[in-house]
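Have a look at the model on the screen, and then I'll walk you through a few parts of it.

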Amino acid sequence: MAAEASESEPALQELMREAEISLLECKVCFEKFGHRQQRRPRNLSCGHVVCLACVAALAHPRTLALECPFCRRACRGCDTSDCLPVLHLIELLGSALRQSPAAHRAAPSTPGALTCHHTFGGWGTLVNPTGLALCPKTGRVVVVHDGRRRVKIFDYGGGCAHQFGEKGDAAQDIRYPVDVTITNDCHVVVTDAGDRSIKVFDFFGQIKLVIGGQFSLPWGVETTPQNGIVVTDAEAGSLHLLDVDFAEGVLRRTEKLQAHLCSPRGVAVSWLTGAIAVLEHPLALGTGVCSTRVKVFSSSMQLVGQVDTFGLSLYFPSKITASAVTFDHQGNVIVADTSGPAIFCLGKPEEFPVPKCIITSTQFTKENSLLVLDTASHSIKVYKVDWG
């Protein structure tokens, strides 16, 4: 009996953790619900639940009108009510929840493991984010999303420093942003699937250049160490290198690096070796099901390694569906898995693949922190290595 109890304890702790995250946390501010006035869970008229502090922040100060940050239905702040099921659940799990943090602190961490140290964004601040980039000079985080202003710039603490890129049909507007990168001289480059163009802004949001008419469906975009821009064309199955004079807003040259890729989307460049990783989404033969494949090319565009969904299944019992790719500072290939969800290190291209699960678009900072764009929670998560 004692053995059975000890075996069930980890499962119970995991269940408690899921309850805290999924049920007992405000999905707008990510604060834990509680009986304190500002953190009391409130029912909106549409049925969604947020904390009282977020109701006050979202409601118009005079009319008290607000829009649900989840379903966009209109309601009034004065029409909200306490969410009794959540309050009862807090009371029911109260003692276990109070013990949970201490248990987590007492549990030894695995040296070298990545742990989440900070989260920012959230629904309303970000709406269906699609791309993430880190400014190499300022350390600020740039995200493209489906908000009224498509480009949002955060300081590293998570505060919104600036936003631009109006939603609209004008040439300088952004219709449907897919990905973003920051150049070495702090220009913001966005792939726009709406008008199939690439748009370049300075860091303050002034349009510098619109590159249209050259791509069928521009998707992933990344900056090279030489300040060039690599772009995948998902519909044409190609990879391009753009040489741009950003100060003058002039496209100097376009070079097609690869022409026979299968629906390429994500792309990453290693600043250590110049290698380029491309994430493909080919259709599995005879099934119509989309799989994923990671290809790594050397700086001279020689194929040095590749692995697909089937190949990764030989290492892991579950299906791996790669959604983003990047390199760390040692030149290892890192992919995000949406099926898990998890993040995997596939090793260096010359030993590719040697997959290891390390933690769900991704970016490494100078401090070797990992930035993860979690589209499910519309947030950015900052992971750091815990060396024990």
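Let's start with the rings: there are 2 aromatic pairs in this structure. For the cut-offs, rings of Phe, Tyr and Trp (its six-membered ring) pair if their centres lie within 6.5 Å, with planes under 30 degrees apart counted as stacked, over 60 as edge-to-face and the rest as tilted. Phe 120 and Phe 154 have ring centres 5.3 Å apart and planes at 55 degrees, so that pair is tilted. This pair links distant parts of the chain, since Phe 120 sits in strand E6 (residues 113–121) and Phe 154 in strand E9 (residues 149–154), 34 residues apart. Strands here are DSSP runs (E, at least two residues), helices are H or I runs of at least four, and both are numbered from the N terminus.

Buried means under 20% relative accessible area, exposed over 50%, and partly exposed in between, with a 1.4 Å probe and protein chains only.

Then there's Phe 164 with Phe 201: centres 5.3 Å apart, planes at 50 degrees, so tilted. Phe 164 is in strand E10 (residues 160–166) and Phe 201 in strand E13, so the pair ties together parts that are 37 residues apart in sequence. Both Phe 164 and Phe 201 are buried.

Residues are numbered from 1 along each chain as its sequence is written, and side-chain values use heavy atoms, leaving out hydrogens and water.

Now, how confident is the predictor? pLDDT is its confidence in each residue, from 0 to 100. The mean pLDDT of the protein is 83, and 82% of its residues reach 70 or more. A contact means heavy atoms within 4.5 Å. Where pLDDT is low, the predicted coordinates should not be read in detail.

Back to E9, the strand that carries Phe 154. E9 is mostly covered, with 5 of its 6 residues buried. On one hand, strand E8 (residues 141–144) is joined to E9 by 4 bridges, running antiparallel, and two strands count as paired if DSSP finds at least two bridges between them. A hairpin through 4 residues connects E8 to E9, and Val 142 stands opposite Ile 153 in E9. E9 also pairs with E10 in the antiparallel sense, over 5 bridges, and there Ile 153 stands opposite His 162. That hairpin of E9 and E10 has 5 residues between the strands, and Gly 158 takes a positive phi near 105 degrees in it.

Where does Ile 211 sit? In strand E14, and at 4% relative accessibility Ile 211 counts as buried. Leaving aside neighbours within four places in sequence, Ile 211 is in contact with Ser 197, Ile 198, Leu 242 and Leu 251.

The other open sheet I want to show also has 4 strands, in the order E15-E16-E17-E18, again antiparallel. Strand E15 (218–223) and strand E18 (250–258) are its edges, pairing on one side only. E15 is joined to strand E16 (residues 229–233) by 4 bridges, and the bridge partner of Glu 222 in E16 is Val 230.

Terms used: This is a predicted model: local features need pLDDT of at least 70, side-chain atom pairs count only at pLDDT 80 or more; totals for chains, interfaces and linings use all residues. pLDDT is the predictor's confidence in each residue, from 0 to 100.
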